[in-house]
Amino acid sequence: MKKGLRIGCIALAVIWPAVSLYAPTAADTEMAGTTAETEQRTTAEMKQITVASAEGAYVPVCSSSGRSLYFNEETGTFYVEDTASGNRWKSTPSYDDTDESLKSAIKAAYDSPLFIKYADNSGNIYELPSKTASVNLDGMSWEKISNGVRVTFTFPKQGITVPVEYVLENGNLTVGVVLADIREENAKCRLTGFSLLPYFNAGVAGEEGFLLVPDGSGAIIGFNNGKSANGSYRQYVYGRDSAIGMTVASGYYENALLPAFGSSAPGGSCLAVITQGASRAVLNASVSGANTICNTVYSECVYRENTMASFNDKSWNKKEVRVFEEDPPAMERYAVTYLLMDGGASYTDMASVCREYLLVAGTLGSETPSESYPLYLNLYGSVNNIRHILGFPIESEIALTTYQDAIDILGQLEEKGVSDLVVKYNNWIRGGPESSIPVKAAASGTLGGKSNLKKLTAYMEQNDIAGFFDVNLTDMYKSRWGYIRTLHSARMLNQSPAIEYLYSLSTLQREDDMPNWYLLRPDKVGTAAQSMAKSLADAGISGVSADTLCHKLYSSFNEQGLDRKNAETVWTNSLKALRDAAGKMLCDRPNAYALSYADCIASLPTQSTQNALYDADIPFLQMVLHGVISYSMPANNQYADFRRSVLTALETGSSLQFAWIARNAEHLDGTQFDILFSAEYSNWIDDAAQAYEEIAPFMRTVSGRTISNHEILQDNVRRTTYDNGAVVTVNYNDYDVVVDGETIAAKGYKIAGA
Amino acid sequence: MGDKHFSKGIRTAALTVLSLFIFGLTTSAEGPYNNYVYDPYDESVPTQAGYLPEKLITGNNLGIGAFSKPSDLYYDNQGLLYILDSGNNRVVALSAQDFSLDRVIQPATADGLPLTFTEATGLCVWSNGDIYIADKGAKTVYILNSEGKLYDTLDCPDADLLTPGFDYKPSKVLVDSKGIIYVISYGCYNGALQFDANHEFLGFFGSESVTMTAELIMTQLWSRIVPKSMQTNQVRAVPVNYSNFDLDSSDMIYTVKNDVDSNSGQVRKLNYYGNNLLYYKTSGQVRTYGDIETYYDNKNGLMQSVITDIDVDENGFFTILDSLRNRLFQFDKDSNLLFIFGGTTSQLGCFSEASAVESFDGNVLVLDSRGASLTVLRTTEFGSLVRESALLISGGKYTECADLCRRILQYDSKYTLANIGLGKAYQAAGEYKTSLDYFYKANAAVDYSNAYYEYRSALLKDSFLYIVLGIVALSAILAVVGRLRHRAVVSDYDRHVSVGRYPFFVMRHPFKGHVALKEEKRGSVVIATIIVFAFFIVNIFVRQNTSFLFGGARPQDFNIVYAFVSTVGLFAVMVLCNWALATLMDGEGRLKEIWVSCAYALMPYVILMIPLTIISNVIVLDEGPFFYAAKYIIYAWVFIGILMAVREVHQFTMKKTILALLGTAFGMLIVAALYAMAYSMLSQLFGFMVTLVNEVLMRF
């Protein structure tokens, strides 16, 4: 256990109760106990004033599409009202001011539309609600702007000013902060982040409703589900910045791919989309419990990234210091749009609202795919491992699937009646996966050389198979001219090179004897992508994918113009360049910024991280994407129950996918590809063809259609309805179930209306 | 309880890690934890999930208010699952079918007053519905009827039956089918307390005797010399205490212990007399039941599994709980590790402080005392295939399990149990050659040896005639040739042996040969050097080609540098040391002579190890003694050769020769120490340079 982590833990343990006073959701908020107490006392003194502020203080500001924005000049809170339905979306939950069980600090937090986090000189981080630290100290001012208001919260003690804009447009609310207008006047207090509308449309105790979080495929958290003891939800949009070092690995996780979240309450629902600055956002959610009566989900903007770093002091003792990003992000604005829906919306409603919004915003391409149901293949070309030649250990590139093997596999599938194929080919470039940054599409001699690669691409062309060749433009396992590991890597916050490691399955510690890789500096990634794009056409490659650009987004800290937001721009430009050069692109588990370049999507997650707080995983992503873009689920041959994975494909409208190799499985031992322990294609090709044949006829009838409803009927029984009336009900249980008078066999399904 | 303390630290740390959402690589498609297992070489390898979390049960979900510090779980084998909800002073009964609420039992005294627990940690429900609750804090075991009314207690037995200073702290309780009650008293080293059905104290059960190891004897001797204050970190001379136990269907008691001294044999299966019946592969052999891979943490010391609960299910599969990382390990009844699952995060299927485990009908239930919840995990298809075939294999039904094993290998082509199962199936079908491949993959030496024996017998039987004919023909040829050659040699016994053939002469006549080597200068530096390099090559051959039945190292772990240093390097150092020493001891030998003589002494190894290595691949384990005997004869031969070489080269007496050899060995040790020092200094220098370069690079 690294010391940094331990100190972090101790700090966490100490401050946990303090944190829950203000924001029970912020799991990693560091706050010194003493300060928290002072703040609490201040709040108690101010209680008289709090009670005085009544609902009467709200004044109408503007209206749009039958909805009006009411603003409270005293607290900076607001609500939106729908004139027709009378639904209200409030920034502050209704609570009983006389309720003694609620701590006054919690009540103050409820009245705060903004929380800020700041760091003092010694690196401690505190979180403050606007009510106690700004409004009560006369720090708030406001002005009217077009379609809304601009509220400026000044935190006088900290010298921090954050202006927040509430804008009502087309009946939807957009809340934004112009980052350039943030002021930090006290050198001792540096702003590290702020949370917008931490209690917007929150569900209170006794209310029916749910929260939607975009974890993996999506998950819902029921209001008052009694699981507050299981902690709260906190997740970085697009995953954690990879240039933040980590010491210990955890197990399985899914990323938040879409910067969207929602809450559904009887008096009005909303789906929020982070429209600007999503790459610097963190999502938080929590349910009611001992300290709070609210169920809420909200976003937080990371203003200055920070982490603990260890240094050796003069006497070579390890010391822990918190290190910060020096400059604030170069982005213009952080903005969240709340798409408002009347009444208690279902997550299907949220998905369709989200889909329409993304289509209009251009995040999703609007081409409807043709009516087809392809089978996805994920082939692995080679692996780098030690080979023993005459007893000499020699690092070699070992073939797993040669170009000829790939042709054979495709041919065999065709013979078995599977001809609609999407093929992603990994590790096909010369040198193998653990090599230097590829700057041109060089065929690997081990896999059959240039002529065989040409043969493969020609075969794909002839048989109308969509082939995508993966390029890894971020991970430097080895150096090459212009891409030298120590020189051209991204920097971590302590200015050392950003390196990614493999972690032990059992001890979760770093595996020091396994290969590690340096992350290429974001601007160099752009250069590599341009150069790769140029050479794709020469190699006869007409489809490309760049896995790491789709799901790994990182900064190079404290270097001009290389923060995560800029990296996102580099990534999208690179994806565009690659796609333009090749013609089409496949994206693997893509973050939202990659979606508009995707012709098809592989490995779209079908489950969430499975936080114990959740009540159910739902195919939210799939509901957004079905009918807009073709996608597959994670490889079916990597599930511990193949049959259930086929049912998952049916439920989520996904294509089946198989991750395969053709030979040399024993050479995977001791490499990072040892997870391909079930990948020998000869073991699976019959099962694959059979499963495909079974579900393809139905899936073809619904391809190009949107999902109009998704229901969880009982434990492990789920139903998906498409807009053409086709319905599939799947039963994941080991026993038969009766649904609507019809028996569905164990691990079976029923199709109707197709 | 140092271990408890550090395990908490880890837990908090791990929780923090998750709450920060800092993640590693995706390792598999399913489950919130790493799905891995230990391969036959005790290295962790990824595999499919055997168990996946199904649902989370909280007090709130059941409608009875949140659990508070739930500490124990008991399945009564009759469809009810009991939770000891100690913080709320109640016992909650759930239906084991669908985990719905059956009833809440509020314990009450005989007068009907509510019974309050001090620190209740153990729960057992007997077949008649009586509820036994061990309360460590109240120092008693409550016996309640099925309605929760207290009707008896098991208090501390009379003092004269116990060792002085015995502190009665009942932490766990069990009742077997005959009504015999077993109580674990926290910190008690004598085993479990045993009470009869009338609640009379019978004595201690399963008291573990201290095994007399060499280390222990040394410790005891040492303790007489060294003052008490210095006697830390020594082997403990008292048996360890049990931390938990469970009963199987035939009243066998499975115990787990908190043994901080060793990481193996933590699980025992005791019969009525307290003898351990659980072994791994061969009788009497123990294995590591928790995580085999450990690491050393600067603050908390060695991070190894702390096993705090065990459960045996209806088929003899047992599941143990490692509270260090909140992991569960499931074994079949032959101690084969099947699955590892669980972890310390806030995900479903992971726990913040797992306190108890129960398993039945393919479910594993884990109680989380801090998370105040019960998690239900279910076997996956892969999991049930493995469990089914484990049952068939241990039942000897190899043919029936073949298809299951093939399906398992489809899910994980390296899964050990399936490779063994298929191997046995092929062996049973008489396809020995195929079975050998599977046993080899599973590194199953005994099974491989048995199959190989049958394979060889079959082969010999088929080709018996040819072999006999071959032997006859060969011996006829040898007889003729030998006769011719023998005559020639006899006729000219002292014939000048050529330089090229002299090494062979030295090998066959170490005494005479070395004398002549010195006196008649028949050695050749070139030939000697060739022999040393041949020694290196043969060493590689032996290492890479000895059958794995006889401790052959894994070919893929081979490192040529190490092989070179341990042969040529070692030999050179030996010669140098010997030369340096001999000059001090008035030896006559020059460096060149020592090199040549000692190299010639390696001849038996160079010539004979190759055929022996080949032979190792055609013999079975039972014939191992012959193999080892041959090997040691070769080693002895080489040693005698070197002895003679040193004696003759330096013209020493025997006594002086032995002294010189001992001195040489000592000199080699000094060289090794110097080398280690130089190495560490150089690597530090190198590290410093790397840091320096990095620092400079970072300026730009």
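The model is predicted.

## Domains of chain A

Let us start with chain A, where the assignment gives three domains. Domain 1 is made of 3–214 and 258–361, domain 2 of 375–471, 523–550 and 562–704, and domain 3 of 707–754. The centres of domain 2 and domain 3 of chain A, taken over C-alpha atoms, are separated by 30 Å.

Where do domain 2 and domain 3 of chain A meet, and how many residues are in contact? On each side, 15 residues take part. On the side of domain 2, the elements that give two or more residues are α12 (620–625), α13 (642–652) and α14 (681–702) of chain A. Of these, α13(A) gives the most, with five residues. Sorted by class, this side of domain 2 of chain A has eight nonpolar, four polar and three charged residues.

## Domains of chain B

Chain B is also divided, here into domain 1 (2–227 + 236–391), domain 2 (394–462) and domain 3 (497–685). Between domain 1 and domain 2 of chain B, 18 residues of the one are in contact with 18 residues of the other.

Which helix of chain B gives the largest share of the domain 1 side? That is α4 of chain B (residues 381–394), with seven residues. The domain 1 side that touches domain 2 of chain B has eight nonpolar residues, together with four polar and six charged ones.

## A four-stranded sheet in chain B

Now for a sheet. Strands of a sheet pair through backbone hydrogen bonds, and the pairing is either parallel or antiparallel. In chain B, four strands in the order β8-β9-β10-β11 form an open sheet with antiparallel pairing. At its edges lie β8 (120–125) and β11 (150–154) of chain B, each of which pairs on one side only. On average, and with direction ignored, neighbouring strands of this sheet are turned by 20° against each other.

## Helices α6 and α8 of chain B

Two packed helices are described by the angle between their axes and the distance between the axes. In chain B, the axes of α6 (residues 416–428) and α8 (residues 445–462) cross at roughly 20° and come within 11 Å. With angles under 35 degrees counting as roughly parallel, α6(B) is therefore roughly parallel to α8(B). Their crossing is left-handed.

From α6(B), the residues at this contact are B:Ile420, B:Gly423, B:Lys424 and B:Gln427, and they meet B:Asp447, B:Ala451 and B:Glu454 in α8(B). By class, the contact has three charged, two polar and two nonpolar residues.

## Helices α12 and α13 of chain B

Finally, α12 (residues 525–545) and α13 (residues 560–584) of chain B pack with their axes 9 Å apart, at an angle of about 150°. Angles over 145 degrees count as roughly antiparallel, so α12(B) and α13(B) are roughly antiparallel to each other. The crossing of α12(B) with α13(B) is right-handed.

Which residues of α12(B) and α13(B) meet? On α12(B) they are B:Val532, B:Phe533, B:Phe535, B:Phe536, B:Asn539, B:Ile540 and B:Arg543, while α13(B) brings B:Ala563, B:Phe564, B:Thr567, B:Val568 and B:Phe571. By class, this contact has nine nonpolar, two polar and one charged residues.

Conventions
Residues numbered from 1 in each chain as written. Chains lettered and ligands numbered in written order. Predicted model: local features only at pLDDT ≥ 70, side-chain atom pairs only at ≥ 80, totals over all residues. Axes fitted to C-alpha atoms, helices over the stretch in contact; angles between N-to-C directions. Parallel < 35°, antiparallel > 145°, perpendicular 65-115°, else oblique. Left-handed = near helix turned anticlockwise from the far one by under 90°. Contact = placed C-beta atoms within 7 Å. Nonpolar A, V, L, I, M, F, W, Y, C, P; charged D, E, K, R; others polar. Domains from an automatic or database assignment. Pairing = 2+ DSSP bridges.
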